[in-house]
Amino acid sequence: MSGRFVPGATIPPVVVENLTRTDLARYAGASGDFNPIHHDETFARAAGNPTVFGHGMLTAGFVARCLTNFVGAGNLRRYKVRFATRVWPGDTITCTGTVTRCYEVDGQALIDGECVATNQKGETAVTGTFTAAVPAGA
Amino acid sequence: MAEIDRSLLGVWGPETTMRVETGKIREFARAVKDDNPAFFADDGALAPPTFLMTIALWIRDLGQTRSAVKLDYSRLLHGEQEFEYVKPIRAGDVLTFRSQTKDVFEKQGRRGGTMTFVIGETEYRNQHGEVVAYTRNTAIETADAVKE
C-alpha cells in the first residue's frame, strides 16, 4: 500500500470558486430538486433569506468529486454527509479530507476517512465520513 | 410534535423501476462539476456517487416516511444523507427500488421544544436482482420554523 492510503494522509482539495445562481439552477434541473428556495429569489426572500442558497446535496456532490479524485471512480463503498452552514451565490467552497484508518476485509484493502467542505470564511458547510476500496496496485 | 405510527416502521413501500440514462448521468456529473471520464463514457457510464438522488426522487411512496410519520414540512430539515455502494451502477442498468422508515426518535432541542428525527432507507436492485446500493436519509422536524 502506498503512502497515499495511510492514516493521516490528506486528500487533495477540490475548490469550487464563486458559486453562481446558474450552478444552483443546473443542480436543480439535474437532481430534480426544485425546492424554490434554491432558485426563486422572490420566494427565498419571502421566507426570510437574503437570497437563494445552495442545495446541501450540491455541496455533497463537490465533496464526492474530491473523494472520487482520490480513490478513483467506482471505489467508494460508503459516503455519509451531515449538513451544517448553508452555501450562497458567490461562495468559494473547498473540499478536502483525511484518511483515518486502513484495514482489510476478505482480502480487500479498505480505507475510512473524514471529509469536509468549507466556505471562504472557513465555516463548515458539510462534514462527512467515507469508506473506499484501495485501488488495485496502489 | 410529529404524529408517529410505529406499526409502519420497517415496512417496505411499493417498488418503482426505472432505467439509468447516459444523458442524466452526464447532466448530473456536470452539475456537480465532476469531469471524471468514467461518468462521460459513451457506453456504460458510471453513475457519480450522489447520482441516486435523481432516482430516489421518483419513488412512488417515499418509504412509508410520509405515512409512518406525519411531519410539518415547514419545519423540516435534511440532516444527513448516507450512501452505501454495493455494486457499480452504470448507464443502461434498470433499477428497482423501494423505501422504508427505519427509525423515528425524538430529542430535546437546545433551545427547548422537541425535535423529531426520521431515518428513511431506500434499497436499489439492478436488472439481475442484485442489491447495488442503499441510501439513508435523516429528516429532522425542528421545534421551531426553520431559519438561520
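Reader: How much area do chain B and chain A bury between them?

Author: Buried area is the accessible area, taken with a 1.4 Å probe, that two parts lose on being put together, summed over both. In this predicted model, chain B and chain A bury about 2500 Å² between them, and 57% of it is on carbon and sulfur atoms. Lys33(B), Glu80(B) and Tyr85(B) supply 23% of the area that chain B buries against chain A, more than any other three residues.

Reader: What are the conventions behind such values?

Author: Residues are numbered from 1 along each chain as its sequence is written, and chains are lettered from A and ligands numbered from 1 in the order in which they are written. The model is predicted, local features need pLDDT of at least 70, side-chain atom pairs count only at pLDDT 80 or more, totals for chains, interfaces and linings use all residues, and side-chain values use heavy atoms, with hydrogens and water left out.

Reader: How many salt bridges are there between chain B and chain A?

Author: A salt bridge is a side-chain nitrogen of Lys or Arg within 4 Å of a carboxyl oxygen of Asp or Glu. The count between these two chains is four. Glu82(B) forms a salt bridge with Arg78(A), with the closest N and O atoms 3.4 Å apart.

Reader: Which elements of chain B give two or more residues to the side that touches chain A?

Author: Helices (H or I, at least four residues) and strands (E, at least two) are DSSP runs, numbered from the N terminus. The elements here are α1, α2 and β4 (76–85) of chain B. β4(B) gives the most, with eight residues.

Reader: Which residues of helix α1 of chain B are buried?

Author: Buried means under 20% relative accessible area, exposed over 50%, partly exposed in between (1.4 Å probe, protein chains only). In α1(B), residues 22–31, the buried ones are Ile25(B), Phe28(B), Ala29(B) and Ala31(B). Seen down the axis of α1(B), they fall within an arc of 160°, so they line one face of the helix; the arc is that of the directions from the helix axis to the C-beta atoms. An α-helix has 3.6 residues a turn, so residues three or four places apart point the same way. After α1(B) comes Lys33(B), with a positive phi near 60°.

Reader: Is Ser99(B) buried or exposed?

Author: Ser99(B) is buried, with a relative accessible area of 3%. Ser99(B) lies in strand β5 (residues 94–108) of chain B.
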